[in-house]
Amino acid sequence: MSPTTTLTPATTADRTGVSIDTLRYYEREGLIGPIRRSGGGRREYTEEDVFWIGLVTCFREAGLGIADLRGFVAILRAEHPPQDRVAFLQDRRAALEQRVAALGRAMKVLDEKIAYYS
């Protein structure tokens, strides 16, 4: 795909695995974009947009909230020093590790109950 090639909203949704409504939501929240528009006002996504959508989706799946994502996007767009980006990501990773540990404990209890009732 050349740098000038654009994708329709439907194609972008298919490629990224998120709905068109989610794409619009991410744009409204300032997490992606601004999204280019055609002469007729239709959204045209680029490969860079697809990258950002993937990043936002990954972070959402990791449990980051919209406010966290807005904060990270602001750090990136304002060209903060790399250590600010690293600190943000390390903080979120530590929180995710805590969630993983809590889920592990919950799974152990469930496994014990399954074994007990089997």
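## Aromatic pairs

Ring pairs link F59, F72 and F88 into a cluster, where rings of Phe, Tyr and Trp (its six-membered ring) pair if their centres lie within 6.5 Å, and planes under 30 degrees apart count as stacked, over 60 as edge-to-face and the rest as tilted. The model is predicted, so that local features need pLDDT of at least 70 and side-chain atom pairs count only at pLDDT 80 or more, while totals for chains, interfaces and linings use all residues. Residues are numbered from 1 along each chain as its sequence is written, and side-chain values use heavy atoms, with hydrogens and water left out.

Across the whole structure, a search finds 5 aromatic pairs. The rings of F51 and W52 are 6.4 Å apart at their centres with planes at 80°, so this pair is edge-to-face; F51 counts as exposed at 53% relative accessibility, whereas W52 counts as buried at 16% (buried means under 20% relative accessible area, exposed over 50%, partly exposed in between, with a 1.4 Å probe and protein chains only).

## Charges over rings

R92 lies over the face of F88, at 3.9 Å from the ring centre, a charge being over a ring if NZ of Lys or CZ of Arg is within 6 Å of the ring centre and within 35 degrees of the ring normal.

## Y45 and its contacts

Apart from neighbours within four places in sequence, Y45 is in contact (heavy atoms within 4.5 Å) with residues including T5, P9, L23, I32 and I53.
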